[in-house]
Amino acid sequence: MILENSLDLFRTSTFRIAGISGGVFALGVLALFAFVYWQTANQETLTVDRFIEHQVQGFVVSRPDELIDDVALGNSTIERRIVYAALFDGKLRPLAGNLPALPAHFPIDGLAHAAVIGNHRPVRAAAATLPDGRVVFIAREVGEVRELERIVRRALLLGVIPAIFLALAAGAWLSGRELRRVRRVHQAAARILQGKLRERLPVHGSADDVDRLALAVNRMLDEIERLLEEIRGIGDAIAHDLRTPLTRVRARLERGREANRSRAELEAAIDSAVAGLDQTLGIITALLRITAIEEGGRRAAFRAFDLARIVRDVAELYEPIAENAGIALAVGAAGARALNGDRDLLVEAIANVLDNAIKFAPRGSTIDLAVIEGAGGPTVRVRDRGPGIPPGERQSVLKRFYRADKSRHLPGSGLGLGVVSAVMNLHRFEIAIGDADPGCVVDLICVPRPADPARD
Amino acid sequence: MQNPTPSPGAKILLIEDDGETRAEIRGALLERGYEVADEATGTGGLAAARRGGFDLLIVDRMLPELDGLAVIETLRAEDVRTPVLVLSALGAVDDRIRGLKAGGDDYLTKPFALGELTARIEALLRRPVETRATVLRVGPLTLDLIDRVARRGEREIELLPREFKLLEYLMRRPDRVVTRDMLLEDVWNYRFLPQTNLVDVHIGKLRRKVDGPGEATLIRGVRGAGFMIVSASEDARPPLGAKA
């Protein structure tokens, strides 16, 4: 577990970033040091070269013998770092100084060259021919350059290596912190998975990447919770509305099964049971339909159509039904009124509102169905002279399954206005329910409200 | 009341994974005089359909091994033209469109009444409906599609445009059951389920005009299924709504 945890630490992106930037930093510093070292060493060598070339030239015109003596005696008066000085005759035989022979192939041209003498000590040296034919040679050690090398190496050891370790340590610390946060998020997610839907991911308050992600997930969880609540509510409503017809079906079948029933009575019992089952299936179908409409995928199928025409079509479809119920249908939808949307769904919505109105309107009354021109666009208005909907129930009737209590005896799934509401929402249209005294006015306001980015 | 089966002996292949549903549908089809073969999986169904010899395929939308739509698409790609009725528990409009696009000829959402199923099977088996005739005749009824005149014997029947369309639809399918859903879809072009028995009211109005007082009933209700216009002599048939 510990091993796994430490492996986790090295696998975090924070640690990787720290490692990479530490490595790049170290390489940069190395290159910088190398450049400085190379430049300085070059400069030093150049200074040494100029000095010994100058000295050799000086000897050519002055007194080399004294110098040789000084060097041989170990008390150079010229320069402490002149470690070798020698005078040779024309045939390069030693005359004086502390060097028995010139290094092999050393050019006698008065210019500085690198040379290795005796105990392999690297030196810069120059040799020149005096006017009398003798040859003077001096060599100077290059201690400064080696000193420089040592300084650079120490600086690297003392500076860069700790810096790399520091970067790695900082990376480990940061990623450890990050890892702990991620672990807390994991734990919260695990609790949510276990069904604790009220749980939320921890938010740090720093508005960084992890925070923003956590906030997004939390918003998602809010929405999921809201939807689950809604489904739970629907579940209760389904249970309530399905239980009634199912109980009735059960009772009819039970009674039908009792002895001494004629075949006709049995058939009637079965028919009535089938009708009850059809009603429950109708409720389920309507519910699925609302869900399908609310999914909203149908916006892609929006087209322009003539609203006035579909209002006339719906009126024609319902004319005989109204007539059977002894209700007059007054239609005001002449001409054409173009609208963009899902024609089939709007037909369904208008039909449902009209269906509802016919169901509640008293015999002998009139229902007005009209397309009226509102402020921002057309409105389909359905006005009946029925009992109306009390203000307190107007929001509820638009929900799935709601039926005003006094209408429970009427046939239907109770989902008609729920479908209307779903269709209007899909189009971002408004629905308004008002009083007509007597009766009820339902306005389908076909003006899309501006898109709400939080919901779509 | 026994539904008439004007296509006796038609061979139907039923591909449905739920055993109980399969047995129910099979039983209902056998009772109505069809020959039925059935398969429980997509691959089995596809193999059976490839062997051929069927007049109609009934394919469930969701099948084990191979999806129902995939079965239909494969058959259509292999140029098998047998009519297909798709059964599905998915009732959304888009699913229906997808089923028809895959090559299905009709789409029926579960749960359905057996009457609806057999009516649609008949409609598929007896395709295509004759469309070139300009005068339709069923028993004493004539419908002149050009002059837009309906007559029963010598009596002219006054019809509203929608009633004319409804009568035309029925007369193109004499002695065959048409369901409420079929009428809503084909005559009114609506794909929603009305809260009220809209179709019954419209048919009722039409029937009062077509079947006058003292005249035999031509437009009949078929219990658990829909409606039918009959061509044969009416006296031999039981009156509307009576049980066999």
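User: Helices are DSSP runs of H or I with at least four residues, and strands are DSSP runs of E with at least two, both numbered from the N terminus. How many helices and strands does chain A have?

Analyst: The model is predicted. Its chain A averages a pLDDT of 79, and 87% of the residues score at least 70. Under the definition above, the count for chain A is nine helices and 12 strands.

User: What share of the contacts in chain A between residues at least 6 apart in sequence joins residues at least 24 apart?

Analyst: Chain A has 456 residues, and buried residues make up 27% of them. Among its contacts between residues at least 6 apart, the share that joins residues at least 24 apart is 63%.

User: How far apart are the end C-alpha atoms of helix α5 of chain A?

Analyst: Helix α5 of chain A covers residues 209-257, which are 49 residues. At 1.5 Å a residue, the helix should therefore span 72 Å.

User: At which residue does the kink in α5(A) lie?

Analyst: The bend amounts to about 30 degrees. It comes shortly before the proline A:Pro245. The kink in α5(A) is at A:Arg243.

User: Which residues of α5(A) are buried?

Analyst: A residue is buried if 20 or more other C-beta atoms lie within 10 Å of its own. α5(A) is hardly covered, with three buried residues among its 49. The cover over these buried residues includes α4 (143-193) and α6 (263-294) of chain A. The buried residues of α5(A) are A:Ala214, A:Asp241 and A:Val249.

User: Against which helices do the buried residues of α6(A) pack?

Analyst: α6(A) has 32 residues and reaches 46 Å from its first C-alpha to its last, close to the 46 Å expected at 1.5 Å a residue. Its buried residues include A:Ala269, A:Gly276, A:Ile283 and A:Ile290. They pack against helices of chain A, namely α5, α8 (343-360) and α9 (416-427).

User: What is the bridge partner of A:Arg124 in β5(A)?

Analyst: Strands β3 (residues 113-117) and β4 (residues 121-129) of chain A pair in the antiparallel sense over five bridges, and A:Arg124 is the partner of A:Ala114 in β4(A). β4(A) also pairs with β5 (residues 135-141) of chain A, in the antiparallel sense over seven bridges. The hairpin of β4(A) and β5(A) has five residues between its strands, with A:Gly133 in the turn at a positive phi of about 95 degrees. In β5(A), the partner of A:Arg124 is A:Arg140.

User: Which strands stand at the edges of the open sheet of chain B?

Analyst: This sheet has four strands in the order β6-β7-β8-β9, with antiparallel pairing. Each edge strand has a single partner strand, so one side of each is left without a neighbour in the sheet. The edge strands of chain B are β6 (135-138) and β9 (155-157).

User: At what angle does helix α6 of chain B run to β7(B)?

Analyst: Strand β7 (residues 141-144) of chain B pairs with β8 (residues 149-152) of chain B in the antiparallel sense over four bridges. Helix α6 (residues 161-171) of chain B lies across β6, β7 and β8 of that chain. Its angle to β7(B) is about 120 degrees.

Note on methods
Residues numbered from 1 in each chain as written. Chains lettered and ligands numbered in written order. Predicted model: local features only at pLDDT ≥ 70, side-chain atom pairs only at ≥ 80, totals over all residues. Expected span 1.5 Å × (residues − 1). Bend = angle between axes of the 7 residues up to and from the residue. Buried ≥ 20, exposed ≤ 12 C-beta atoms within 10 Å, placed from the backbone. Contact = placed C-beta atoms within 7 Å. Pairing = 2+ DSSP bridges. Axes fitted to C-alpha atoms, helices over the stretch in contact; angles between N-to-C directions. pLDDT = per-residue confidence, 0-100.
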